[in-house]
Amino acid sequence: MTQSSLSDDVKTVPLSAENLTLKHAKTTIIENLKVALPSGKVTAIVGPNGCGKSTLLNGLSRIHLPSNGSVLLDGKDIHKLPSKEVARRLALLPQDTIAPDGITVTELIRFGRHPHHSAMKQWMMGDQEAIDYALNAADLSDLGNRLLDTLSGGQRQRAWIAMSIAQETPLLLLDEPTSALDLGHQIEVFELIKELSEEGKTIAMVVHDLASACRYADHVIAMKDGKIITQGCPKTIMTKELVLELYGIECDLIPDPMTGSPILINIKRVKAK
């Protein structure tokens, strides 16, 4: 499915953008982009460095103010909604995460409950249940009292995702959730993301590894130079021509024997002429 074939009825999807233009200072990164996240699915945003993937995610999450166009959360302009209302419906996990020194896993996860609190009520019925659920969902029940900085990279990343789970939002946006993790920890995090989707969450993630994007995502958005080149089911849209256009590499594609998702083989960089 190409950008032009995207349904005009964006109000039926949880998060979408119309004619979205995003700039850094005077430089236009994304211009007149239209996108919609399929409900209850995992969407992977892929493309070369500097193509606008993280900028798009920040624009969809209201972190980056558009210079033109709109972002719709459940059909309503996200910039006209109260901040706490947005935080109850959408959670963002950025690339760079910083926690206070000496914080435990449970204490970190508790931050996810803040959108549900008020000045008069800092602890509510259901908070502990949400925290326990997040610990269990991220397979961290036995590590709740551990200091965050004593965990492995994969465990720490699962703790940050658990904080987003405790926020109890139907939408979850993740910017490079497996960055700097080894293969084992990457799979650990991707499997958690897939499980959350199967429980009904709508998830969008920026991913560099094409094989992982194809294996764990239901929907792929391929970007280059601030534009969406194509989007759709990875088994349908991922071709060697697309890989060449995005990354300047030649390859062959074969189906994964277990999942049927595309795998890149015979990879060769095309030399610039």
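Let's start with a side chain that sits out of the way: Arg89 is buried, with a relative accessible area of 16%. Keep in mind that this is a predicted model, and that 16% counts as buried because the cut-off is under 20%. Arg89 has a charged partner, Glu85, and the closest N and O atoms of this salt bridge are 2.5 Å apart. Glu85 itself, at 25% relative accessibility, counts as partly exposed. Why do Glu85 and Arg89 end up about one helical turn apart? They are four residues apart in helix α2, which spans residues 83-89. As a rule, an α-helix has 3.6 residues a turn, so residues three or four places apart point the same way.

Arg113 meets Asp127 in a salt bridge, at 2.8 Å from N to O. What does that pair tie together? Arg113 lies in the loop between α3 (105-110) and α4 (127-137), while Asp127 is in helix α4, so the link joins parts that are 14 residues apart in sequence. Both partners are tucked away: Arg113 counts as buried at 4% relative accessibility, and Asp127 is buried at 0%.

Arg113 also forms a salt bridge with Glu168, where the closest N and O atoms are 3.0 Å apart. This one reaches between distant parts of the chain, since Glu168 sits in the loop between α5 and β7 (171-175), 55 residues from Arg113. Glu168, at 43% relative accessibility, counts as partly exposed.

Now for the greasy part. The largest nonpolar core has 52 residues, and those touching the most other members are Ala44, Val46, Ile109, Leu140, Ile193, Met205 and Val243. Helix α5 (residues 153-166) gives the most to this core, with seven residues. Take Ile109 as a way in: leaving aside neighbours within four places in sequence, Ile109 is in contact with Ile131, Ala134, Leu135, Ala159, Ala162, Met163 and Ala166. There is also a second, separate core of 26 residues, with Leu15, Ile45, Ile221 and Ile228 among them.

Last stop, helix α1 (residues 53-60). How many of its eight residues are buried? Seven are, so the helix is mostly covered. The buried ones are Lys53, Ser54, Thr55, Leu56, Leu57, Gly59 and Leu60. After α1 comes Arg62, with a positive phi near 80°.

Technical notes
Residues numbered from 1 in each chain as written. Predicted model: local features only at pLDDT ≥ 70, side-chain atom pairs only at ≥ 80, totals over all residues. Heavy atoms only, no water. Core = buried A, V, L, I, M, F, W, Y, C linked by side-chain atoms within 4.5 Å. Buried < 20%, exposed > 50% of the residue type's maximum accessible area, 1.4 Å probe, protein only. Helix = DSSP H or I, 4+ residues; strand = E, 2+ residues; numbered from the N terminus. Contact = heavy atoms within 4.5 Å. Salt bridge = Lys/Arg side-chain N within 4 Å of Asp/Glu carboxyl O.
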